[in-house]
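Colleague: Hi, I'm new to this one. Could you walk me through it?
Modeller: Happy to! Here it is.

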Amino acid sequence: MPELPDPILIAIPFFVALIVAEMIYARMTGKAEFEPKDTAASLAMGLGNTVSGVLLGFIALTWFVYIERFAIFDIGWAWWAFVLCFVLDDFLYYWSHRFAHTVRWWWADHVIHHSSQHYNLSTALRQPWLSPLTFKFIFFGSWLVLLGFPIAMVAFCGALNLVYQFWIHTETVRRLPAPVEWLFNTPSHHRVHHATNPLYLDRNYAGVFIIWDRMFGTFQSELDEEKCRYGIVKNLGTHNPVKICLHEWVGIVKDVASARSLREVIGYWLGPPGWSPDGSRETSHTIKRRWAEEQAARRGEAAQEIAPGTASGPATVQPAATPAE
Amino acid sequence: MDDSPLTILIVLGVSALAVSALIVLNRLIGGWQDVRFEDPSLPSRRLEEDVVGFHAGEGVVSADGLAALVMERGEARLGLVLARANRCVTRVVRPGEIARLDADGARFHIHFNDFTLPRVTIDLDDDAAQGWGDRMRRFVRQPGQQTSGEGHARAS
């Protein structure tokens, strides 16, 4: 078994250097924005994530060591195995990430990463502290080990995937050459993912390869006329890292405590974020639908204003962009 | 790589120093502009952007320019916008979603059942305090009223 380095540990000095560089570039050009309290919160979350990895990492490792004995193949350490493992890991990352946005139990963990209203390289480090306790690794991390990829290889490829995702958290890079934008997750694609504009909600789940979003109908390109607004639907009123870490868990506990049936418990716990028994809250799906209806109504009004009483009026109005459902 | 406890401690210690240095650097080089509300136009726009279906009506800005209240047209909901450094935090309040409202002259303490925004203090001009105080009271939870203000965005 080869001795594999930890890509994240190696990358940390580069992360710091790149954040400094982006901060200075942002100050000189105005193409990005850092605000100290937000930066402090993001970096504190990143540091806490590292500590929690040390303290809680054994949970996932114990699981993977246990299931390794059930592996179908013994794939070994050939170079092509690394390539295949990296691509398959990215495919699984897409689905894991998609479920992190659509199941509240996992969203409670992932929302931390989306909780900044800024979008810069420090945002990339705003990571949750309690991920191992959500047991998402059982559902999405087991497949490669069960196929027969060595645990260390899976961990190595997963870490490379995360390191890749660091640099795409920036507003300083507008768009890359078309072939790159077609194949890879880029700053432009990931800005869309972090935006709360209804058009952009729950889009572009990719880690490294954006092709998964194109294949599974969740791709949305960044539009010049729709500037990204970052954060979450209900932005946080605090920069306190502990509150950032716990806020959605507290919401789940309160909601579950108020549930009047098993159905409500399951809905509050495993339903989409924003689910409520009476539909009085808004899920991403609801917000997108209401927004689409409002856009359609506005188009109708505009059409009437442009050509009242003429049959050709509506055809002159440009349809608003709609999500790539 | 060596993963002994000492190495981990050194990595964490160096990381903490790097984090502190980055925050100090951010503060020193500046580049952000804190939001101040001059009038209700910016908070109204933010509410309409953040909350699909919210159509801003009349609004008022706090004396320090750090908070604003905006009634929805038709007065079904009350919008609250807070300036937090160079960004805004918005909330749309429905009847029963203010847990408690304390008034001290023209100063209002609004209490929410909201883990990240449990209390907001707004100083209004004396002229505006009476009318907006009455409006806010319409959104205060009544004894025995069931609300669950925590959680996600709420529909109209």
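**A look around the model**

Modeller: Let's start in chain B of this predicted model: B:Val61 has B:Ala68, in strand E2(B), as its bridge partner.

Colleague: Nice. How many bridges join E1(B) to strand E2 of chain B?
Modeller: There are 4, and the two strands run antiparallel. E2 covers residues 67–72 of chain B.

Colleague: And what order do the strands of that open sheet have?
Modeller: The order is E1-E2-E3-E4 in chain B, 4 strands with antiparallel pairing. Strands E1 (56–61) and E4 (87–93) of chain B are at the edges; each has a single partner strand, so one side of each has no neighbour in the sheet. On average, neighbouring strands are turned by 20 degrees against each other, direction ignored.

Colleague: Which helix packs on the sheet?
Modeller: Helix H2 of chain B, residues 41–50. H2 touches E1, E2, E3 (78–84) and E4 of chain B, and its direction makes about 70 degrees with that of E4(B).

Colleague: Switching to chain A: where does A:His169 lie?
Modeller: In the loop between helix H8 (151–166) and helix H9 (178–183) of chain A.

Colleague: Is A:His169 buried or exposed?
Modeller: A:His169 counts as buried because its relative accessible area is 3%, under the 20% cut-off.

Colleague: What does its side chain make a polar contact with?
Modeller: The side chain of A:His190, at 3.2 Å from that of A:His169. A:His169 also touches other residues, including A:Glu22, A:His113 and A:His194.

Colleague: Last one: where in chain A does pLDDT stay under 50?
Modeller: Over residues 311–325. The mean pLDDT of chain A is 93, with 94% of its residues at 70 or more.

Technical notes
Residues are numbered from 1 along each chain as its sequence is written. Chains are lettered from A and ligands numbered from 1 in the order in which they are written. This is a predicted model: local features need pLDDT of at least 70, side-chain atom pairs count only at pLDDT 80 or more; totals for chains, interfaces and linings use all residues. Side-chain values use heavy atoms; hydrogens and water are left out. pLDDT is the predictor's confidence in each residue, from 0 to 100. Contact means heavy atoms within 4.5 Å. Buried means under 20% relative accessible area, exposed over 50%, partly exposed in between (1.4 Å probe, protein chains only). A polar contact is a pair of N or O atoms within 3.5 Å; within protein, one must be able to donate a hydrogen and the other to accept it, and residues adjacent in sequence count only if both atoms are side-chain atoms. Two strands pair if DSSP finds at least two bridges between them. Axes are lines fitted to C-alpha atoms, for helices over the stretch in contact, and angles run from 0 to 180 degrees between N-to-C directions. Lists of a residue's contacts leave out its neighbours within four places in sequence.
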